[in-house]
Amino acid sequence: MIYSTESAQDQSMRRAELAQSLQGRGHQLGLAELIAVLAQNGSFTKYMASTSGMMFPVAQLIPVLVNGQLQSRVDGGQAVQATSASMARAFRDIWDYVRHASKAVYPVAEPASEHRFSDQRIMRAGGVPVTPDGVFYYPMYLGSEFHSVHALLEAQLEPSLDATSPDVLGKMADLATSVWEAQPTRLFVPFLYLHGPMVSLVLFARGGYYCTTIGRLFHTSLDPSTDDISDVGDTLRYLWFLMTLPSDRFGHIVDVSVPATGLIFTKFHGATTVAASRDSGSKLGFQQRIPLPVSLLDFQSYLFKTQYHGQPAMLKLVWSPTYRLPEAAVYDWLLSNGCSAVPKVFESSIIANDVFGYRLEYLLIEDCGVPLLEYFKTEYGNVSDNSRRDADAEGVFKQLASCLAIAHSAGVVHCDISAEHIAVRNGHAFIFDWTRAQLATAKVPAPLAKGLREKCSLSASDLQPLRWPRDDPVVQTAIYASIRSLWHDGSKSLVDGFESIFYVILHALYHSNHTPVGTPSAFKVLDQSTMAVVKTGCLSDPDLYLNYFGIADIGDGLKTFLDKVRRFLFSADGIFVGGKLVDSGFERSERPELAKIFLFEKAFAAAYPEDVKPACEVSVDSGAVRPASFSFASCAHLFPPTTKTSATSVPATAPAASDTTTSVAPTPAAPVTTTTSALPVPVTATAASAASATASAPAVTAPAPAASTATTTALTSAAPTPAATVPATSAPIVPAASAAPVAPTTKATSSAVPSATALATSAGTDPKLNMRRIARAARDVVKASKTTTTVAAAPVPTSAGAPATSTPTTPTVPPPVTSAASTLAPAAPAPIATTVPSSSTQAIKPPTTV
């Protein structure tokens, strides 16, 4: 996509990212395989048999490309420097020769649909003029938008596809994305690629790009032989056949050579055919397109407002991998399980069953209302009293969370909660995009399998691969992704969904601000690791976290509600555990009683049944795990240098009651006698005060738990004097047989860590001034979580009179972790079928990977 406000540097960076995303996703197709993919075997065979020699006279006029020069074979043989522009002009002349070639004796060579070609057509994308090297376009369209594009031309001097630079591939991918955005009925975006004297056809599909070498287009000798001329003539015949195919047989599900106002779907014997409608009163008309992000690869959805039997409805076109659940089946399954935040489905069917490993389906669903962010902005942006907004935000949160809880109990995980997939109508919230939904269990439930067979015509063999493979990457709107999802690339549990809803509601509240200024710290779009760091720091402070999400004006009732949700998500036993979420082995403590705050009764019973121990971390993991350590080198440039504040200038802040921060001491290897205070022990205290706190405490004997391989320290408020850390659940360990209490000696490997509250206090509460401090606090959380604090107790006499010594706990070094790059490599696609029936819904198998 090309944005109106972007600079040339932004465009270059975007194209580099697109080229990177295509690495390993290029495939080679032979010409016969391409014809089979297009289901044109019969037509092509007849065409080739009837047009032998048709292009021989034209081939004698083709220019010569030699020594970096293009030399014409007409008009006196003028030579020009070979550049992208001169090669595109030469192709324009060649195409004119081909169009005007005598075809009177070749009736099958008459084009079914002829498109115009121009090497000077200026397109517009996002308000920015773009000039491709060449464009095949539909002349019936007004203007120069990408709606009119049939195919594109790219010309380079590289002699082979292997020498194609990332810049060229990124440019082609960028233009293809603009076509995908403008044309929802696309099956693939074709490019004619001139590379040296050769010409190839490159198809950009949802699963990658597919290259077919057509043949030699330019002569390479000033005196070409008869065989050379014949070879170029064959190339021209291939091009004429391919580039004059009608749009519904070359890149589209319908004929779009004339602008369409809607689609007509017809079901016959279980098969669905689709046609373009030119009638403004079409029942599935394109009345209003709902903007959704458009990507080059993988999943994609297009959404339109329309009418169904006189009532508002939404038409949805969905691309998803063939091994994933069809979205219509997900809706039916969730509705049958009582999920009220899912729209009803009026009609649905699969249009294209297998296009390079992807499925295209359409759904006609009930109208879901206004997108969430737009709803909060228009409803509450100019309202001085926020009480109704606060009540609405709390109600929407409960509806969305309850929907995810019921879906999870039915074995379905959403995997992609974001504000773009949520709408509100008359106070009722809907999650209208379940494209990335997956099964949380390996076995497909019987009722769901039955629905797939009856409504989607999927056999038992089709159901087998519906389980999400471990190497399938997850791409979620990053600002709504949970910390674990950002860091571990694929952790998707019920609690991860709750966390995403938490961010969605906070973003909606930010959009309802009367005068929002800038982008809040927590919503800045950064790389995934950095966003995980920043979110951890922003959430670490129970008093200021809303400021970091850009929310300043909020009622006490909603503030209390959000605080409780935050405590459910990021606290365990009163301790902030955000820094531990980067550890793949860490599991959140189970506290279903807090979930009652934001779940309806039915949803709570489904998520946490009384007779089964609840499991809020039933995670579906893609298998890609990042090393459990943060890297700040990549994000240091994001935080401007600030004045360094001494420890004595930072006022000590008492920890909030909801988020007590402590250091955990390692436990001895053998049972010892401990003394526990009947009174609360201060979080940070001097050694003398700790000893006095235990002087009058009764002695009890308790067995020590199993030794932990790592102990975690959360954010601790800064204190002006050195402090001794104490266990979170007990007073300092003292010998039971001692005549007088002995103060423990503490050997700590890290000092007290200042909290985000203390860091922010030194420079004010403006979130934009505290980005460096937030990152520092998050860094300290993770650093402290990897630190082992050793507490040495005084010798305890044994039965033999010999003193017993405590052995410090040694942290266990984790094994090396496989990098994400190695685990996300795409699997080799299956061999392509040699023949494909003519039906538009037949499988198009991916070829062998290049």
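Visitor: Is Thr 261 buried, partly exposed or exposed?

Guide: Buried means under 20% relative accessible area, exposed over 50%, and partly exposed in between (1.4 Å probe, protein chains only). Thr 261 has a relative accessible area of 31%, so this residue is partly exposed. The model is predicted: local features need pLDDT of at least 70, side-chain atom pairs count only at pLDDT 80 or more, and totals for chains, interfaces and linings use all residues. Residues are numbered from 1 along each chain as its sequence is written, and side-chain values use heavy atoms, leaving out hydrogens and water.

Visitor: Where is the place of Thr 261?

Guide: Helices (H or I, at least four residues) and strands (E, at least two) are DSSP runs, numbered from the N terminus. Thr 261 lies in the loop between helix H7 (226-243) and strand S13 (262-268). Its C-alpha atom is separated by 7.5 Å from that of Ala 276, 15 residues apart along the chain.

Visitor: Which residues of helix H11 are buried?

Guide: An α-helix has 3.6 residues a turn, so residues three or four places apart point the same way. In H11 (residues 446-456), Leu 448, Ala 449, Leu 452 and Cys 456 are buried. They line one face of the helix, because seen down the axis of H11 they fall within an arc of 105° (taken from the directions from the helix axis to the C-beta atoms).

Visitor: Which exposed residues does the face of H11 turned away from its buried side carry?

Guide: That face carries Ala 446, Pro 447, Glu 454 and Lys 455. Just after H11, Ser 457 takes a positive phi of about 55°.
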